[in-house]
Amino acid sequence: MLNKNLKYYRLKKNMSKKELAASVGITPMAVSYYESGERKPGMDTIKALAEVLDVKISDFLRNRNDNLVFAHGEFRKGSKLPVKQQEYIREFVEEYMNRFYTVVDILGGEVLPNAPACHGADLSENVEEDAKTLRKYLRISETGPIGNLVELLENKGILICFLDIENDAFSGMNGLVDKRPYIIVNRNMSPERIRSTIVHEMAHFIFKWPYDMGEKQIEERATAISGAFLLPEEDAQRELGIRRSAITRDMSLICIEYGISMYLLVKRANLCGIITENTAKDFYIRAGQCGWKKNEPVRIKKEEPMLFSQLVYRAVSENEISIQKGAELLKQSYSSVAEQCFAAEG
């Protein structure tokens with residue numbers, strides 16, 4: 001399926017149709033025809049396109065599953081993310097999921113857990129209750145720290161993928177692939193922000209959102225639910241005490257335990273009435289002076305999606321696919337896949 005692959009690699013290279021056409025010596029209209037599938041380029045043109053985009057010809061010609069149905073989430077109105085990058089993110093998801101579902105189809109669809117129903121939870125009038133509802137929906141404890149969030153959600157049938165993109169305007173997006181929810185996040189964020197973003201995006205497709213609720217209000221509510229989900233009020237009071245007069249260094253240990261940033265901890269402490277508005281503002285000023293608004297110290301390890309790799313390694317180990325095929329699916333080297341599947345014993 002050259003047309004989809006061509007569009008994906010062009011957007012990945014951050015090139016417009018006009019720029020690609022000029023580099024190859026064809027017209028922008030020709031590129032449009034190739035990407036729409038209305039025309040197919042000759043082999044000489046394919047070679048030239050591959051050279052400019054720095055990809056293998058086989059990458060262009062890789063088959064895609066036409067039966068996969070995608071329903072991507074919307075980017076916020078007025079987003080600072082350029083339209084070309086928005087297109088790239090959607091194309092990245094489709095290219096990634098095509099590789100993912102290749103191994104799922106080989107092993108059989110039952111390898112994936114049943115995903116939770118989308119838009120099946122009702123919003124309440126209270127954010128704390130909404131966070132409890134979300135935890136119940138995932139069949140986990142209503143309180144207490146959540147360990148590896150990515151692993152938890154993958155085991156609940158929610159697909160997670162990370163994208164390397166150097167743009168702070170993009171944190172995450174959600175959508176559906178064959179009616180199964182997925183979440184894509186910017187890998188270049190801190191581990192703490194990644195966790196918050198994942199829960200924020202999950203809230204978008206788990207809850208039923210009123211039609212008359214504005215976009216800004218929905219975003220604020222999803223963010224508030226995310227904070228309460230990661231640090232429930234009961235836990236905040238137990239860990240911090242009923243009242244605190246200052247933000248102290250020992251509170252960073254709570255950040256590590258719950259996998260959250262100090263900014264989020266202070267926000268939650270303020271919302272739960274543990275610290276005053278003035279105490280919170282004083283922290284924000286001091287943290288801003290230290291450059292924490294964009295670069296707060298990282299306190300936890302970054303969680304990584306593992307399901308795709310696990311399925312590919314299983315398929316290779318059970319001789320369902322070759323090592324080379326596994327390397328192509330994961331976009332890893334032959335040796336790295338062979339090492340994971342056939343490590344030397346003794």
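Two strands count as paired if DSSP finds at least two bridges between them, and the strands themselves are DSSP runs of at least two residues, numbered from the N terminus. Keep in mind as you look that this is a predicted model.

With that in hand, find β4 and β5, which form a hairpin with two residues between them. In the turn sits D178, whose phi is positive, at about 50°. Strand β4 covers residues 172-177, and six bridges tie β4 to β5 in an antiparallel arrangement. To see how the two line up, look for N174, which stands opposite I183 in β5.

Strand β5 has another partner as well. Strand β3, residues 159-163, runs parallel to β5 and is joined to β5 by five bridges. Here L159 stands opposite Y182 in β5.

How many residues of strand β5 are buried? Seven of the seven, residues 180-186, so β5 is largely enclosed by the rest of the structure. Buried here means under 20% relative accessible area. Both faces of the strand are covered: one side carries R180, Y182, I184 and N186, while P181, I183 and V185 lie on the other, and all are buried.

Now let's move to another part of the chain. R39 lies in the loop that links α3 (28-36) and α4 (43-53). Leaving aside residues up to four places away in sequence, R39 touches Y33 and Y34. K12 is 27 residues from R39 along the chain, and the C-alpha atoms of R39 and K12 are separated by 22 Å.

Technical notes
Residues numbered from 1 in each chain as written. Predicted model: local features only at pLDDT ≥ 70, side-chain atom pairs only at ≥ 80, totals over all residues. Heavy atoms only, no water. Helix = DSSP H or I, 4+ residues; strand = E, 2+ residues; numbered from the N terminus. Contact = heavy atoms within 4.5 Å. Buried < 20%, exposed > 50% of the residue type's maximum accessible area, 1.4 Å probe, protein only.
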